[in-house]
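The following exercises concern a two-chain protein model and the ways in which its parts meet.

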Amino acid sequence: MLYRVKKDPWFFAVLVLPAALVVGFLILYPVLNGIYLSFTDASPLRQGAHKFVGFENYTYLFEDEVYYASIFNTSYIVFVSSALAVIMGFLIALLLHFGVKRFAPLFRALVFQVWVVPWICITILWGWMFNKEYGLVNYLMTASGITESNMDILFHETGAQWVMIAGFTWRSIPFLMVIALAGLQSISTEIIEASELDGARFLNRIGHIIIPMIRNVLMVALLLDSVRFFQEMTLPLLLTQGGPINATMVLSLFTYQLAFENWDFALASAAGTIWLLFLISIAWLVLRYGIRKEHV
Amino acid sequence: MSTKPSSAVFNYRKINALAAYTLAISAFAFLLLPIYWLVVTSFKPIEALFVVPPEMWPHEFTFKNYVNQFDTRLIQLFQNSLIVSGAAAILSTFAGSLCAYAISRFYFRFKSALLLFFLASMAFPVPMLMITMYSTFNQLGILDTYWALILGNTAMGLPLSVWLMTNFIDQIPTDMEEAALLDGASPFAVLMHIVLPMVRPGLAASGIFVFVTSWNELLMGLTFVSSLEVRTLPAGITLAFLGEFEGDWSEMMALAVMVTLPVFLLFMVMQKSILKGMTAGALK
């Protein structure tokens, strides 16, 4: 270590101060204050100071069917799209690394651009592609015989959920592909060649050598992506407003609407607190059971 | 299998390669089809949209959809988004790289706990954070100004900046800094003249990441500001889409292309350092 806090306290303070101010006032304090507000009846619409109400907000939420629906929908949509994205991202990375190695950088560079398309643009594009009469998706599905006639996908419960899954998956395949490709490239060619000499078949090699070696990388990327999906709500906010019949009501939209449409800060804070606990337990499970510790 | 004649092995390889190329091209086409559709639709005249089957290649190109968008409102929205995202990118990268230098070069307890906190904070529910931000900004009297959005986006970007920059600085050996300190250089001079120039790709990656996420940000743009003078692009498009939109999809697509283009170009130019930052972080 180059410096010690005791020897250069001022230098340390100056380095840390800007970040500490931002994080302290705009992240740490809001989280703690949010947890506190969840036990009160805070609302900007109410005159005077808020009072302490105990677990009232929580009991209210747990009697709300829409809230249950939002937890279920969020888990379902995030789980399915993360799983699809990681599988497809990994397969494409395999294909690039072992099949068309020469073009991998070009392919990666072009596809990775998908990752920066703003959500608002995806949302509008999705609205048009899934349009009932003139949408490309409906046309392709009818033309290929998957559906008999055009569907109003956005007004169909399962359909609307899959519109969201399609958006999430499509946008994060490039990210997982890039991570998986970097993981594959970090495996030394000697290991691969040795396994080839040992006569391991391609599928065996993937199952027994490659996946175990890049498993942790993929798990972390998956966790990062799921966390982002939990926050994302542009698609349901613009295209379905959580409908039809709350099929696309997700936690982020639910919490946002409580806070800034109903102006019920307390109830929204309770929903946010449960959301936080829920995510923490998922992250703990993934890190506990999904990541393999190395025994060296 | 092992007794296969060599010509058969050759063919087998050839078929494999052909299959790989076919698969790669289909994956490529599948992933880029939505982008293709976005761009193509934006150049179609409105009448060409409402036909079955959809025109895969437009019979008639028009720039009308783009030209029609250029009014003072759109320019105002673009300008606001540029100011907010640019300022957030600079502030977040500035604060993030200083903090990352402290994390990388100082010895102190709870260091890994601090890094874990930064990572975990990306998972904090944004609507919940926004409740207290809203009240704080209200008390400071900066609601409905650029500052509310700049500070909000800086806070959202900072954890990522710290992580990225810590990864980049960790990769630099400390020899040069030690030598400069022995020569009597001040710690600040060492940071400014030795470290920061060496992590320029990291600074660029962090800046672009925060710029892109702020450019993308919708909720704060909808909530913290209400007047057009400070409204950002995503919020402006959302209000237009939910409000006055009457099915003119080709103009909407043109708008979407214009919103995507700046971040698209930025990302393309800087892809190398961004990839480096991302993969370095993930592979650790």
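**Exercise 1. The interface of chain A and chain B**

How many residues does the contact take from chain A and from chain B?

*Solution.* The structure is a predicted model, in which local features need pLDDT of at least 70 and side-chain atom pairs count only at pLDDT 80 or more, while totals for chains, interfaces and linings use all residues. Residues are numbered from 1 along each chain as its sequence is written, chains are lettered from A and ligands numbered from 1 in the order in which they are written, and side-chain values use heavy atoms, with hydrogens and water left out.

Step 1. Contact means heavy atoms within 4.5 Å. By this rule, 90 residues of chain A and 97 residues of chain B take part.

Step 2. Buried area is the accessible area (1.4 Å probe) that two parts lose on being put together, summed over both. For chain A and chain B it is about 8,500 Å², with 83% on carbon and sulfur atoms. On the chain A side, Leu2(A), Tyr3(A) and Trp128(A) lose the most area to chain B, together 9% of what that side buries.

Step 3. Helix α1 (residues 9-37) of chain A gives the largest share of the side that touches chain B, 19 residues. Helices (H or I, at least four residues) and strands (E, at least two) are DSSP runs, numbered from the N terminus.

**Exercise 2. Strands across the interface**

Which strand of chain B is joined to strand β1 (residues 3-4) of chain A, and how many bridges join them?

*Solution.* Step 1. The partner is strand β1 (residues 106-107) of chain B; 2 bridges join the strands, which run parallel. Two strands pair if DSSP finds at least two bridges between them.

Step 1. Within this pairing, Tyr3(A) stands opposite Phe106(B). Tyr3(A) is also one of the residues of chain A that lose the most area to chain B.

**Exercise 3. The domains of chain B**

Where do the domains of chain B lie, and how many Å apart are their C-alpha centres?

*Solution.* Step 1. The automatic or database domain assignment gives domain 1 (6-64) and domain 2 (69-283) of chain B. Their C-alpha centres lie 34 Å apart.

Step 1. Each domain brings 9 residues to the contact.

Step 2. About 680 Å² is buried between the domains of chain B, 76% of it from carbon and sulfur atoms. Leu38(B), Ser42(B) and Ile46(B) supply 53% of the area that domain 1 buries against domain 2, more than any other three residues.

Step 3. Between these domains the rule finds 0 salt bridges and 0 residue pairs in polar contact (both at pLDDT 80 or more).

Definitions and conventions. Salt bridge = Lys/Arg side-chain N within 4 Å of Asp/Glu carboxyl O. Polar contact = N/O pair within 3.5 Å; in protein donor to acceptor, adjacent residues only side chain to side chain.
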